[in-house]
Amino acid sequence: MSRTPQEIFESYIYAGAVSRNADALAESFTEDGVFEAPLMHAGAAFPRRLVGREEIRSAMAAYYEQPVKDGRSPNFEKSGYVLHTTASPDVFIAEIDTVFDGDGEDEAVSLVQIFRIRDGKIARLRDYFAPELMS
């Protein structure tokens, strides 16, 4: 039985992005999957466009070792997302609002991402808006 876009998206979020587990994140991609890395600044440790599981795995491991700006961490109870279908059953769009706890003031970061699904895994992920959060 095939998984729904929501199930695939949630497996990506919980297996990799939320747990910060680079191996789990890489496994949510097809072998030749493309990942256009979020939240990167100029001169970052790896290129914006990664192709293939091994590049995704090694680059995201390096990314996760970087400190988050101002020591803030995501609050997933306050964060959320909305999924939108498209004319293609294999393509969906995610609007993601991540809330970072602050000293008396939270900071919300909004991303719009496009996912293409192939064989129950992510074949492509592109960020349309990714503000700089990393130090």
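Predicted model: local features only at pLDDT ≥ 70, side-chain atom pairs only at ≥ 80, totals over all residues.
I take buried to mean under 20% relative accessible area, exposed over 50%, and partly exposed in between (1.4 Å probe, protein chains only). By that cut-off R53 is buried, at 14%.

Residues are numbered from 1 along each chain as its sequence is written, and side-chain values use heavy atoms, with hydrogens and water left out.

Salt bridges. I looked for a side-chain nitrogen of Lys or Arg within 4 Å of a carboxyl oxygen of Asp or Glu, which is what I call a salt bridge. The structure holds 6 of them.

E27 and R53. I found their side chains in a salt bridge, 3.4 Å from N to O. This pair links distant parts of the chain, with E27 in helix α2 (residues 22-27) and R53 in helix α3 (residues 53-64), 26 residues apart. Helices here are DSSP runs of H or I, at least four residues, numbered from the N terminus. I noted E27 as partly exposed, at 36% relative accessibility.

R57 and E27. This salt bridge comes out at 2.6 Å, N to O. Again the pair links distant parts of the chain, R57 in helix α3 and E27 in helix α2, 30 residues apart. R57 is buried, at 18%.

E54 and R57. Their closest N and O atoms are 2.5 Å apart, in another salt bridge. Both lie in helix α3, 3 residues apart, about one turn of the helix. E54 is exposed, with 56% relative accessible area.

Which residues do salt bridges with shared partners join into one network? I get D23, E27, E31, R53, E54 and R57.

Key. Helix = DSSP H or I, 4+ residues; strand = E, 2+ residues; numbered from the N terminus.
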